Amino acid sequence: MTEQEAVALFKCLADRTRLQILHTLAREDAYVELLSERLGMAPSTISFHLKKLADVGAVSSSKSQYYTMYTLNRELFDKTMLSILQQESDDAAVQDERERQWREKVLRSFFDEDGRLRTIPAQRKKRLIVLERLAEEFEPGRDYSEREVNLIIANYHDDFCTLRRDLVDECFMRREDGQYRRVVR
Amino acid sequence: MDKLMKVLEAKVAEAAQSAAALAAEDRRDDANLEKIRGNVYGIFVSVLQAAQKQSSDEAAQRAFFENNLERIPSGWRIARQKAEERGDTVRLVQEDVKLAAIDEVWQASRELWG
C-alpha cells in the first residue's frame with residue numbers, strides 16, 4: 001500500500017456511516033437494500049458510501065442473481081497499522097529525486113564544458129558533491145601514489161594539493177604509508 | 001410569494017442544521033449531501049428574490065420563478081445521466097439529491113399557488 005493509498009483509506013474510514021456499513025459487512029455479505037434497511041438509510045446513500053469504500057479497496061462487489069452483493073475486503077483489514085506505517089514513503093522518493101536534481105545542478109555549475117573544475121566550492125555541502133565526483137576518478141581497491149593522485153586531480157583543477165587533502169579530510173580517500181586508496185561508501 | 005419564501009428559507013435552515021448535526025457525528029459526506037440540498041433551496045430563495053425585484057405582478061413573478069425551476073435543473077439531469085452512464089455512483093447520488101430538492105421546491109410552489 002502506497003502512502004497515497006493509505007491516506008485515501010484512512011480518510012474514507014473516518015466516517016461513521018461507512019464504519020457502520022463495514023461493521024454490518026464484517027458479520028455477513030449484504031446488498032444495498034439490506035444495508036439500507038438495517039442502517040435506516042436511503043439506498044442511494046448506501047450506494048454512495050459503498051462506492052467510496054470500493055474505491056479504496058475496503059469492499060468488493062459481485063453479482064448474485066438479482067442483487068449486487070458487497071463483501072468486506074478482509075485481507076485489507078487483516079493488515080496491521082504497523083505494516084502500513086512501515087511502507088516506504090512516496091515522499092522519500094520525491095526527496096531523493098530532488099536531491100539528485102540539485103546535485104546535478106551543482107556539478108553543472110562547478111564543472112565547465114570540458115569537465116574542468118571552475119572553482120573549489122566554498123560551501124561544504126557543494127564541496128562534498130564535487131569531491132565525491134572527483135573520487136569517482138579513482139578505482140576502488142587500488143593504491144595510488146601521491147604523484148598519481150596529484151596528476152589525476154590536476155586534470156580537473158590546478159590546486160590539486162587542496163583537493164587531495166580535502167578528499168582525505170572528508171573521508172573520500174584514505175592515506176596510509178604514503179599510499180592513497182578510495183574509500184567505498 | 002412571501003409564503004413560498006418562508007418555506008424555502010425554512011428548508012435552507014433545516015438542511016444547514018441537519019448538515020451540522022451529521023458533521024458533528026463524523027458523517028462528513030452525508031453532511032455534504034445535506035449542504036448540497038440546502039444550496040438548491042438557497043438558489044431558489046435567490047430566484048424568488050430576483051423575481052420580486054423584476055416585477056410587482058405576482059403572475060409575472062410566478063412565471064419567472066417556474067421558468068428558472070425548469071431551466072436550472074436541466075444541466076443537473078444531463079450530469080446525472082452522464083454519471084449513470086460512466087457508473088459514477090458518487091456523482092449520481094449528488095445529482096439525485098439536487099433533483100429531489102427541486103421536486104420539493106416544485107411541490108411547495110404548487111401547494112401555495114395551486
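Reader: At what angle do helix H4 (residues 43-55) of chain A and H4(B) pack?

Author: This is a predicted model: local features need pLDDT of at least 70, side-chain atom pairs count only at pLDDT 80 or more, and totals for chains, interfaces and linings use all residues. Residues are numbered from 1 along each chain as its sequence is written; chains are lettered from A and ligands numbered from 1 in the order in which they are written. Helices (H or I, at least four residues) and strands (E, at least two) are DSSP runs, numbered from the N terminus. The axes of H4(A) and H4(B), lines fitted to C-alpha atoms over the stretch in contact, with angles from 0 to 180 degrees between N-to-C directions, lie 8 Å apart, and the angle is about 150°.

Reader: Are H4(A) and H4(B) roughly parallel or roughly antiparallel?

Author: The packing angle is about 150°. Angles under 35 degrees count as roughly parallel, over 145 as roughly antiparallel, 65 to 115 as roughly perpendicular and the rest as oblique. H4(A) and H4(B) are therefore roughly antiparallel.

Reader: Which residues of H4(B) does H4(A) meet?

Author: Contact means C-beta atoms, placed from the backbone, within 7 Å. H4(A) brings A:Ser44, A:Thr45, A:Ser47, A:Phe48, A:Lys51 and A:Lys52. On H4(B) they meet B:Thr89, B:Val90, B:Val93 and B:Asp96.

Reader: Which element supplies the largest share of the side of chain B that touches chain A?

Author: The contact takes ten residues from chain B and eleven from chain A. On chain B, helix H2 (28-54) and helix H4 (89-113) each supply at least two residues. The largest share, four residues, comes from H4(B).

Reader: Is B:Leu48 buried or exposed?

Author: B:Leu48 sits in helix H2 of chain B. Beyond four places in sequence, B:Leu48 contacts B:Met1, B:Leu4, B:Met5, B:Leu8 and B:Phe65. A residue is buried with 20 or more other C-beta atoms, placed from the backbone, within 10 Å of its own, exposed with 12 or fewer, and partly exposed in between. B:Leu48 has 22 within 10 Å, so B:Leu48 is buried.

Technical notes. Contact = placed C-beta atoms within 7 Å.
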